[in-house]
Amino acid sequence: MSNSTTPRFRSATSVATLAALALALAWAVPAAAATPTKIEKIGLMVQDMSNPFFSAMDKGAKEAAAKIGATLNTQDAQLDLANQNTQIDALIQQGVNLIVISAVDEAGIEPAIQRAKEAGVIVIAVDTPAHGADAVIMTNAVQAGEKSCDYLFRQMGGQGQVLLVDGTPIQTIIDRITGCRNVAKNYPGIKIVGQQASKNDRASGLAVTTDMLTANPDVTGIFGMNDPSALGAVLAVEQAGKISQIKVTGVDGSPEAVAELKREGSPFIGTATQNPAEMVRQAVQIAQGMVAGKPPAEKTILIPSVLVSRDTVKDYAGW
């Protein structure tokens with residue numbers, strides 16, 4: 001008798017114990033925090049503050065934060081994913097309500113973004129996508145590549161060899177190169193003969209362009225996927241003594257590019273614009289809508305790009 005009833009008694013006890021343990025674990029796992037009711041603390045996370053693009057973004061963030069009476073903490077990842085992960089955790093600890101991020105690695109940053117969202121932080125990506133973000137606001141990067149390269153190819157007379165100064169493999173940069181190659185299909189006389197990745201700055205733009213020019217001395221056009229790399233390419237062209245032979249375009253519409261467009265005799269002839277300050281302003285507006293119970297209708301907002309040339313730079317408002 002005891003042999004037949006004891007196992008059943010033990011089984012029932014085990015079930016009760018497991019149920020109690022499961023309940024305890026459920027209480028131990030914190031529920032995701034609610035969306036904030038007000039934006040009081042903003043964290044801006046940029047890829048590399050040495051790039052003027054992100055300095056302009058910081059300026060726009062300060063203006064947007066002041067307008068709504070919020071504080072701002074800007075963090076520079078220096079193009080390092082580990083830094084950006086650590087910075088997100090620090091911002092969570094500081095109790096920010098909104099993180100505006102230009103991600104170094106759109107997929108690699110996702111776990112940190114999830115931690116922020118579980119803590120009740122709104123996360124808006126700017127400049128380039130970031131997996132898990134509530135929305136992304138960026139330049140229409142394909143369009144920017146198309147406009148810059150279409151202008152370059154037209155100024156080359158639809159003929160000649162071209163170099164592409166690429167950059168770090170984030171979606172925005174990939175899209176600009178895609179846009180350039182899209183346009184090249186419309187110009188059978190244009191041949192892309194070289195493509196190398198810079199580190200998105202002037203020094204590496206100079207280095208990779210110098211290498212490519214050595215291998216391709218007959219090049220007559222260069223597209224830099226951002227203004228710093230394009231201005232590095234300009235230096236390479238000057239050092240190679242090919243100012244009269246080669247034309248260069250970029251993407252950003254940066255203050256440095258504007259100055260270069262105004263410089264007499266420069267091979268730099270055009271840049272397709274971005275508006276970094278506007279990206280952050282729109283990010284804060286979207287977050288304000290979310291706290292008011294109005295999530296964005298579209299998760300991806302594209303800001304149009306405009307070509308600025310030597311002829312039109314006088315009318316360009318700039319950053």
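**A cavity, a helix pair and a buried threonine**

Visitor: Which element gives the largest share of the lining of the largest cavity?
Guide: This is a predicted model. Helix H2 (52-68) and helix H6 (171-184) each supply at least two residues of that lining. The largest share is 3 residues, and these come from H6.

Visitor: How many cavities of 30 Å³ or more does the structure hold, and what is the volume of the largest cavity?
Guide: Rolling a probe the size of a water molecule over the atoms shows where empty space is left. At the cut-off of 30 Å³ or more, the structure holds 1 cavity. The volume of the largest cavity is about 150 Å³.

Visitor: Of the residues that line the largest cavity, which are the closest to its centre?
Guide: The lining is made up of 16 residues. By class, 5 of the lining residues are nonpolar, 6 polar and 5 charged. The closest to the centre of the largest cavity are Gln47, Asn51, Phe54, Asn200 and Asn226.

Visitor: Are helices H3 and H4 roughly parallel or roughly antiparallel to each other?
Guide: Helix H3 covers residues 81-93 and helix H4 residues 110-118, and their axes lie 9 Å apart. The two helices pack at an angle of about 5°. Angles under 35 degrees count as roughly parallel. H3 and H4 are therefore roughly parallel.

Visitor: Which residues make the contact of H3 with H4?
Guide: By class, this contact has 5 nonpolar, 1 polar and 2 charged residues. From H3 come Asn85, Ile88, Asp89 and Ile92. From H4 come Ala112, Ile113, Arg115 and Ala116.

Visitor: Is threonine 273 buried or exposed?
Guide: Threonine 273 is found in strand E10, which spans residues 268-273. Its relative accessibility is 8%. Buried means under 20%, so threonine 273 counts as buried.

Visitor: Leaving aside neighbours within four places in sequence, what is threonine 273 in contact with?
Guide: Contact here means heavy atoms within 4.5 Å. With the neighbours within four places in sequence left out, threonine 273 is in contact with Thr139, Asp252, Gly253, Ser305, Val306, Val308 and Tyr316.

Visitor: What share of the residues in the protein chain is buried?
Guide: The protein chain has 10 helices and 12 strands. It consists of 319 residues. Buried residues make up 48%.

Visitor: Among contacts between residues at least 6 apart in sequence, what share joins residues at least 24 apart?
Guide: The count takes in contacts in the protein chain between residues at least 6 apart in sequence. Of these contacts, the share that joins residues at least 24 apart is 74%.

How values were computed:
Residues numbered from 1 in each chain as written. Predicted model: local features only at pLDDT ≥ 70, side-chain atom pairs only at ≥ 80, totals over all residues. Heavy atoms only, no water. 1 Å grid on protein atoms, 1.4 Å probe; cavity = no way out; pocket = protein on both sides within 12 Å on 5 of 7 lines; lining within 4 Å. Points joined across faces, edges and corners; volume = space filled by probe spheres on them. Helix = DSSP H or I, 4+ residues; strand = E, 2+ residues; numbered from the N terminus. Nonpolar A, V, L, I, M, F, W, Y, C, P; charged D, E, K, R; others polar. Axes fitted to C-alpha atoms, helices over the stretch in contact; angles between N-to-C directions. Parallel < 35°, antiparallel > 145°, perpendicular 65-115°, else oblique. Buried < 20%, exposed > 50% of the residue type's maximum accessible area, 1.4 Å probe, protein only.
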